[in-house]
Amino acid sequence: LTLIVCQNSHVYYIFDLSLCSGGAELLFNGVKEHHVTLPSHSEPWDIKQLLVWIQQNLLKERPELFVQGDSVRPGILVLINDADWELMGELDYKLQDQDNIVFISTLHGG
Amino acid sequence: MSQVLSRLKTKLQEQEKEIAALKSKLAQLEKSHPSVLELHDKVTPLTPLKPKPALSNEDIMRYSRQLLLPELGVQGQLNLSKTSVLIVGCGGLGCPLAQYLAAAGIGRLGLLDYDEVELSNLHRQVLHGEENQGQAKALSAANAVRRLNSTVECIPYHLQLSTENALQLIQQYDIVADCSDNVPTRYLVNDACVLNGKPLVSASALRMEGQLTVYNYCGGPCYRCLYPRPPPPETVTNCSDGGVLGVVPGIMGCFQALEVIKIASGQGSSSSQQLVMFDAQDTRFRTIKLRPKQANCAVCGESPSVTKLVDYESFCGAAATDKCRRLNLLSRDQRITVQDYQSIKDKAELHLLLDVRPLVEVDICCLPSSLNIPLSSLEERKREHIQLFQERISQLKEQMAGDCQPPVYVICKQGNDSQKAVQILEKMSGSEVDSITVKDICGGLMAWAKKIDPAFPQY
């Protein structure tokens, strides 16, 4: 699941979603790319809020396969601009213009 | 007479000497080039690999095209020849990995797999042939590798890597490659590598995607640094459920070979603290910077809680194989056997057979007269599918006299998804659709193929 964040004249965020990797896209009807609009916020969005938004707007069925508590479930790695989110502050990271967020499920087959 | 006797005795002694000399020569030859590979079913101590003082003329000819690379050179080749590599899993990743390591002149290969070769392996496990079906994968792979390069020492292990044997086995090798197919084994291999201080070259593949990372190498993170908690078992898809295009693990196994060769030859790997993702659909590689080694890691951190190997199957809540799990969600009276269903068919009893597999599997094979509604459609209550289902129930009710609950039998490949579907349909019965009696067919179409109709395809 790839999420490219754009900020548009303080009105809303436009998300360019491309869903990929490790079968995470299967939770989202197998769609690899689509565009969505995120409502404006007084504060910048952080990853924690983004996860809630994804759950409410993109992932209505079987959320347990994607989230656990207020974070992603074990076995999903979150990338912010091609870097492990652990390097970026994890849930507290504030989304910025042109950010690229990816959710990868770890593969185990061989 | 005594002269004849003494002559014969002398001759006999001479010939006994000659036999002894031949025997010792044979033993020596067999030691360096065993004619029949011995399959190991347990871990035994190995003699250390002896470094070669120099390359022979044959070596120079054989490896000439890679010796010409300044990145490798003579020293790199000599380094390869004194390195031992343990390959955990001789499947889709392990086969190409073993092949390229042997071709490149690695010193010793440990080839480990508990499984035997099956027909459904051959599309991706390219060291095994049709004639190897039923043979231990470790032996089949070792024989193939030896045909390629007889100077590589191969040790086939026909055993399951376990808490009991992993440390003893892994400490005898310089580099470990994780080519396994399940979560508990991945944690086990990681912990054994950390406890033994061995670099771990790990890859995985599923469907049209692959991933690769080198763990526990040059101060980088280990598998547990990245994944401190195992994934919930129901979120893990294996190759026999999800499918895999053979060339995808092929590419990832070759990638592992590249990293192993770089480490073994002395060039070093650049894939520590890095995840390489391969998207075969879009033909795209993507390299991700990972977190560093974690101070609070349970096994490689500053105060580790895992100081010896643990029970990985219970840690992960899953078995250390990629064989399908058998769910047991229903009571006995909610299920029928394939024999029961055959007799229902034979007696032409009115019923609806509901096949809940995805369409791609129904295209492979299905039972005639079954209605296909994938489990995912039932879970999402897809309107057109629920309507279709209701129509078929109504037709059945018309055909059946009196006030009744039409029987619905649910089938899938192995009898796991069908149980989930029964639970959903029972909830829907009497509210979202007319009242029905719904039962699961135990073991699914694969049980049907095995027990009722041998002409029905298995996959």
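This is a predicted model: local features need pLDDT of at least 70, side-chain atom pairs count only at pLDDT 80 or more; totals for chains, interfaces and linings use all residues.

Guide: Residues are numbered from 1 along each chain as its sequence is written, chains are lettered from A and ligands numbered from 1 in the order in which they are written, and side-chain values use heavy atoms, with hydrogens and water left out.

Visitor: Which pattern does chain A follow along the sequence?

Guide: Helices (H or I, at least four residues) and strands (E, at least two) are DSSP runs, numbered from the N terminus. Chain A has one helix and eight strands, in the order β-β-β-α-β-β-β-β-β. Of its 110 residues, 53% are buried; buried means under 20% relative accessible area, exposed over 50%, and partly exposed in between (1.4 Å probe, protein chains only).

Visitor: How is the interface between the chains described?

Guide: The size of an interface is often given as the accessible area lost when the parts come together. Buried area is the accessible area (1.4 Å probe) that two parts lose on being put together, summed over both. Between chain A and chain B this is about 3,000 Å², and carbon and sulfur atoms give 52% of that area. On the side of chain A, A:Leu107, A:His108 and A:Gly110 lose the most area to chain B, together 25% of what that side buries. Contact means heavy atoms within 4.5 Å, and the contact takes 33 residues from chain A and 42 residues from chain B.

Visitor: How many salt bridges are counted between chain A and chain B?

Guide: A salt bridge is a side-chain nitrogen of Lys or Arg within 4 Å of a carboxyl oxygen of Asp or Glu. The count between chain A and chain B is two. A:Asp84 forms a salt bridge with B:Arg291, with the closest N and O atoms 2.6 Å apart.

Visitor: Where are the nonpolar cores?

Guide: In soluble globular proteins, nonpolar side chains tend to be buried together. A nonpolar core is a set of buried Ala, Val, Leu, Ile, Met, Phe, Trp, Tyr and Cys residues joined through side-chain atoms within 4.5 Å. The largest here has 45 residues, and B:Ile87, B:Leu101, B:Leu109 and B:Leu111 have the most contacts inside it. Helix 11 (residues 247-265) of chain B gives the largest share of this core, eight residues. Apart from it lies another core, of 35 residues, among them A:Leu77, B:Leu86, B:Leu161 and B:Val183.

Visitor: Which parts of chain B does the salt bridge of B:Arg108 and B:Glu153 tie together?

Guide: The closest N and O atoms of B:Arg108 and B:Glu153 are 3.2 Å apart. B:Arg108 lies in strand 2 (residues 108-112) of chain B and B:Glu153 in strand 3 (residues 153-157), so the pair ties together parts that are 45 residues apart in sequence. B:Arg108 is buried, at 3% relative accessible area, while B:Glu153 is partly exposed, at 33%.

Visitor: What is the corresponding reading for A:Lys48 and A:Asp70?

Guide: The salt bridge between A:Lys48 and A:Asp70 has its closest N and O atoms 3.4 Å apart. Because A:Lys48 lies in helix 1 (residues 47-57) of chain A and A:Asp70 in the loop between strand 4 (67-68) and strand 5 (71-72), the pair ties together parts that are 22 residues apart in sequence. A:Lys48 is partly exposed, at 36% relative accessibility, and A:Asp70 is partly exposed at 44%.
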